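Thanks, everyone. Let me put the structure up, and then we'll walk through a few places in the chain.

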Amino acid sequence: MKVLAVFGTRPDAIKMAPVILELQSRPGVQTICLSTGQHREMLDQVMTMFRIKPDIDLNIMQHGQTLAQTACRALEGIDQAIAEHQPDIVLAQGDTTTTFAASLAAFYRQTTFGHVEAGLRTGNKRDPFPEEMNRLMTGLTADLHFAPTRLARQNLLNEGVNDDQIWVTGNTGIDAALWIARQPCKMDDEQNRAIDWPGRLLLVTAHRRENWGEPMARIADAVAQLSTQFDDLLVFVPMHRNPTVREALKSRLEGMDRVVLTEPAEYAPFTQIMKRADLILTDSGGVQEEAPSFGVPVLVMRETTERPEGVEAGVAKLVGTDTERIVQEAKRLLTDSDAYAAMARAVNPYGDGQAAKRIADTVLR
């Protein structure tokens, strides 16, 4: 069997890596890895960490390109790869432009497409943008739907997908996080400061497009207030490379004694810091999934989430981007030990670390 595994961003690569490694371990399977390069430096870091080398690198990213240009370049490159290599199946994960382009290219070439992390929905096609529409359109063209949870499976059934095309596997991001957490890694001085901090550690990640502008400013104001109000709190903020995000954070947080603004952390040290954190504020989907495996409560700084299982299980809470609301909810967890324990002890609903094995078994069947 010949499998074309496609990825383009850092989250893509992290969640596809366990699947690729599992397929590579199976006899009779040829796995061809294609990177669109939708992210570049951060993507390369992940590939090195998992010791995966792309067989095809489209390197599509250009400064200032539009979503349409990204989609067109990815579609043309993946289409050419399918035509040249004639895979039996194309696999891609999640909701990126790369994933949608891979599903469309496979459909045009009448090649089976498997969607890893299928069925996530917010119900609002513009939130998150463009991810919600990417996963909706990917779902329309997919032949095999690997849903991470039963709720994701139900979303697909509600949209008319046949039950025999859906497999509940757990999320491969949990596979990756648990594997990385067991590996030794090098850290820089700022990361070591976070790990060795004698007090409590607050990890903050914010980057989503719908939070650019005023929402990001409100998030930064909330972080500043929390840092001021809790003397034992160190705030660790790995900043996204997007200048819009960086400016909003730096203009309000730069120079504060216990706020560490850093470059984006590589996945391995980031996972160690996530394990060490006492509380996480994030708008990241991946962090919502991974943090509960380490018993860390998560406040989700978004108006909607396509991962409501965490909220329902009590490991995460949706707080939006209002400064006062973020501060209020964070203060509650930092001062109320019972409220904190209720979130920290809840079971992760997103997976058990065996998703890649289930996906590989299904592909081979």
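Start with Pro128. Pro128 sits in the loop between strand E5 (112–116) and helix H5 (131–141). Keep in mind that this is a predicted model. From Asp127 to Pro128 the peptide bond is cis, with omega near 0°.

As a reminder, most peptide bonds are trans, and most residues other than glycine have a negative phi.

Phi of Glu117 is positive, near 65°, and Glu117 is not a glycine. Buried or exposed, this Glu117? Buried: its relative accessibility is 7%, and the cut-off for buried is under 20%.

Compare another positive phi. Arg51 has a phi of about 55°, and Arg51 is no glycine either. Find Arg51 in the loop between helix H2 (41–50) and strand E3 (56–57). Arg51 is exposed, because its relative accessible area of 64% is over the 50% cut-off.

Next, Glu306. Where is Glu306? In the loop between strand E12 (298–300) and helix H13 (308–313). Glu306 is buried, at 2% relative accessible area. What does the side chain of Glu306 meet? One partner is Arg135: the two side chains make a polar contact at 3.4 Å. Another is Arg307, where a polar contact of 2.5 Å joins the side chains.

Here is the link back to where we began. Set aside the neighbours of Glu306 within four places in sequence. Glu306 is then in contact with Leu120, Arg121, Thr122, Pro128 and Arg135.

One more site: Gly170. Gly170 is in the loop between strand E7 (166–168) and helix H7 (172–181). Relative accessibility is 11% for Gly170, so Gly170 counts as buried. Which residues does Gly170 touch, beyond four places away in sequence? Ala147, Pro148, Tyr350, Gly351 and Ala355. Look also at Asp352. Gly170 and Asp352 are 182 residues apart along the chain, yet their C-alpha atoms are separated by 6.8 Å.

Now zoom out to the whole chain. Take contacts between residues at least 6 apart in sequence: 68% of them join residues at least 24 apart. The secondary structure comes to 16 helices and 13 strands. The radius of gyration is 20 Å, close to the 21 Å that the globule rule gives for 365 residues, so the chain is as compact as a globular protein of that length. Along its principal axes, the C-alpha trace spans about 60 × 40 × 40 Å.

Burial next. Of the 365 residues, 58% are buried. Glu306, at 2%, is one of the buried residues. The accessible surface comes to about 15100 Å². Carbon and sulfur atoms account for 48% of that surface.

Last, charge. The chain has 39 positive and 49 negative charges. How far apart are their mean positions? They are 2 Å apart.

Then a buried Glu306, in polar contact with Arg135 through their side chains. That's my tour.

Terms used. Residues are numbered from 1 along each chain as its sequence is written. This is a predicted model: local features need pLDDT of at least 70, side-chain atom pairs count only at pLDDT 80 or more; totals for chains, interfaces and linings use all residues. Side-chain values use heavy atoms; hydrogens and water are left out. Helices (H or I, at least four residues) and strands (E, at least two) are DSSP runs, numbered from the N terminus. The radius of gyration is taken over C-alpha atoms; the globule rule is 2.2 Å times the number of residues to the power 0.38. Buried means under 20% relative accessible area, exposed over 50%, partly exposed in between (1.4 Å probe, protein chains only). Contact means heavy atoms within 4.5 Å. Accessible areas come from the Shrake-Rupley method with a 1.4 Å probe; for residues, only the protein chains shown count as cover. Lys and Arg count as positive and Asp and Glu as negative; His and the chain ends are not counted. The place of a charge is taken as NZ of Lys, CZ of Arg, CG of Asp or CD of Glu. A polar contact is a pair of N or O atoms within 3.5 Å; within protein, one must be able to donate a hydrogen and the other to accept it, and residues adjacent in sequence count only if both atoms are side-chain atoms.
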